[in-house]
Amino acid sequence: MTVRLVVAAWLSWIVTGSGAARAADFSREVRPGVTSFKRITTGTRPQKIYAVRADLSAPQVGLYASADVVGEEWRTNTLAFAERVDGAIAAVNADWSCNSSGCTGDRWLRPLGLAVSGGRMWNTHRVIPADPGERWGYLACTVDKRCTIRSRVLPLNNDAMADSPLRTPAVAPLRAHNAVGGNGARLIADGVKGSGCYDATSAPRSAVCLEQDDTHLWLVVVDGRNASGGETGMTCDEVRDLLAGAPFDCWNALMLDGGGSSTLVVEDDNDAATCHSRGARDLCVKNSPSDGSLRTVGNHLAITWTDAVDPRCTLASGSWCDGARVTTCEGGRFRGARACADGATCQQDGAYAFCVHPRCPGGDGLGRTACADATHVAACHDGVFATVDCAADDRVCGGAGDGAFGGAGCMDPRCPAPDGATCQGSVWLACAAGVPAETDCAAAGLVCDPTAGCVSPVVDAGVPPDDADGGDGGAAGEGEGEGEGEDEDDGGVDGGVNGGVDGDDDDDDDDDDDDDAPAACGAGSPAGWAAAALALLLAGRRVGHRLRRGGARR
């Protein structure tokens, strides 16, 4: 295969722990958007660094992580893996593997951390036993090549995986389509170099990193030990410094397995002098593996290329619905269509499509929840159905629809609603998202009101028995309403309190112009009694005043 060749070489002085060293950098375009890089340093500690930079935004560039195919993608060397992967133009070894005496049967050379291939997780995330808060790191990429390097962000440990099918890296928010694990201590985290490392010795190293735009991915190998030029390899801290500087400019970086496992494969038919071994498809092992031969390892990561995007690819990289089928393309390569079985439908969210389980609430696979029964919440994420047992925490299922609770969820059985309040004696129980907060009103000398909370007690004033005008107000109001409705606006008002309050609209001498009643209070409530008493008092005053006026006319 003829490869376009672009060579850029320059010499510079770099400072190492052993003093100044002379460095020469070389780069070569393997394919548009994919560049091979080599750095050679001389001095007391000579180094050889090999790398590949891939522009993930290029539609013809794809990614592929090992699947659990023994002897072909798992438990094989990196060159054999790259030769198997359709269109692979670069590959690197990935995670540490289980290779101790206790690793027998299926566990032999199984990756220690997260492994996802083509959207299928075949190895779970790992918790570092010495620090349960620290997660084994990982590089995870979606089907449309949006990648992240993280360690602590998601609860992807084995216990969480077993807890619910919703907690898998193949569903939101990660939606990992290809993923490989690496050491938990990120070398660089969001632009900040870490500190400390699992290993302070100089050794061959493999690493992967992303530039700040999360679009440019680097695969990096540092030669060491048995290398032909006496290269010693690097410590973790030296690899950090290397990746933080030019030309890598890494924003997030992760250490992969090193030592005899370190292997970088690049398609290369023009640089035979630095090709340790060559495969049948003109794939070249760039570094000198320290075992003297290629080591069989657990998993790998490849960069792929296609000369032309397959015409069947609606998306060059992504998945979409074709009726009840999920169709997938990666880097312009058609990866096939999968039918949604057992009555499941297909749903799409941007460049991601998935089969929706028939039991998903409302047929929506994007997170809607509903009560499966009194104590179980049914939920779907990216079409994966699961139930949550509320009774395990002495709670019940409550809420519905798209309200403030976001659908159904587990809530305290004392809550009248996920977001609501009630009185239990003198205690005000206010619930938010099904979680109650209690306030003892009596302790503060207050009483409980279901809507207002703790309020001051209201004293029932009643009707003063010695107020003659007020006591006759009801009868007088009714009389005025019937007898004098023709020249005063009283005729349309029924007697009693209403007659006394409303029957004297034209009384210019009345100084109670602001007698509009407040909003009606609930029957029998203290506020209702107070309003009635006030109305009766006002009626008594008006009736007395009108009687005095009427006597003067007579």
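A charge sits over a ring if NZ of Lys or CZ of Arg is within 6 Å of the ring centre and within 35 degrees of the ring normal. Keep that in mind and select R75 and W74. R75 lies over the face of W74, 4.6 Å from the ring centre. Now select K38 and F26. Here K38 lies over the face of F26, at 5.1 Å from the ring centre.

**The whole chain**

Zoom out. This is a predicted model. Colour the chain by pLDDT: the mean is 78, and 71% of the residues reach 70 or more. Select residues 1-19, where pLDDT stays under 50. The model gives this stretch 47 contacts beyond four places in sequence. Then select residues 156-163, where the pLDDT is also below 50. That stretch has 20 contacts beyond near neighbours in sequence. Where pLDDT is low, the predicted coordinates should not be read in detail.

Switch to cartoon. The chain has 6 helices and 35 strands. Of its 554 residues, 47% are buried. Among contacts between residues at least 6 apart in sequence, 54% join residues at least 24 apart. Show the surface: the chain exposes about 25100 Å², and carbon and sulfur atoms supply 51% of that area.

**The cores**

Hide the surface and select V34, V61, L139, L217, L219, L264 and I303. These have the most contacts inside the largest nonpolar core, which has 31 residues. Centre on L217. Leaving aside residues up to four places away in sequence, L217 touches V52, R53, A54, L56, L63, L139, V208, C209 and L210. Next, select M234, C236, V239 and L242. They belong to a second, separate core of 21 residues.

**Aromatic pairs**

The structure holds 6 aromatic pairs. Select F37 and W218. F37 lies in strand β3 (residues 34-41) and W218 in strand β15 (residues 216-222), so the pair ties together parts 181 residues apart in sequence.

Move to Y64 and F81. The ring centres are 6.4 Å apart and the planes lie at 20°, so this pair is stacked. The pair links distant parts of the chain, with Y64 in strand β5 (residues 61-65) and F81 in helix α1 (residues 78-84), 17 residues apart. Both Y64 and F81 are buried.

Most residues other than glycine have a negative phi, and most peptide bonds are trans. Two loops hold exceptions to look at.

Select the loop between α2 (158-163) and β11 (178-182), where P173 lies. The peptide bond from A172 to P173 is cis, with omega near 10°. R175 lies in the loop between α2 and β11. Its phi is positive, near 50°. R175 is buried, with a relative accessible area of 12%.

Last stop: the loop between α3 (236-244) and β16 (250-256), which holds P247. The bond from A246 to P247 is cis, with omega near 0°. Select D249, found in the loop between α3 and β16. Phi of D249 is positive, near 50°. What is the relative accessible area of D249? D249 has 44% and is partly exposed.

Definitions and conventions:
Residues numbered from 1 in each chain as written. Predicted model: local features only at pLDDT ≥ 70, side-chain atom pairs only at ≥ 80, totals over all residues. Heavy atoms only, no water. pLDDT = per-residue confidence, 0-100. Contact = heavy atoms within 4.5 Å. Core = buried A, V, L, I, M, F, W, Y, C linked by side-chain atoms within 4.5 Å. Buried < 20%, exposed > 50% of the residue type's maximum accessible area, 1.4 Å probe, protein only. Phe/Tyr/Trp six-rings, centres within 6.5 Å; stacked < 30°, edge-to-face > 60°. Helix = DSSP H or I, 4+ residues; strand = E, 2+ residues; numbered from the N terminus. Areas by Shrake-Rupley, 256 points an atom, 1.4 Å probe, with all protein chains shown as cover.
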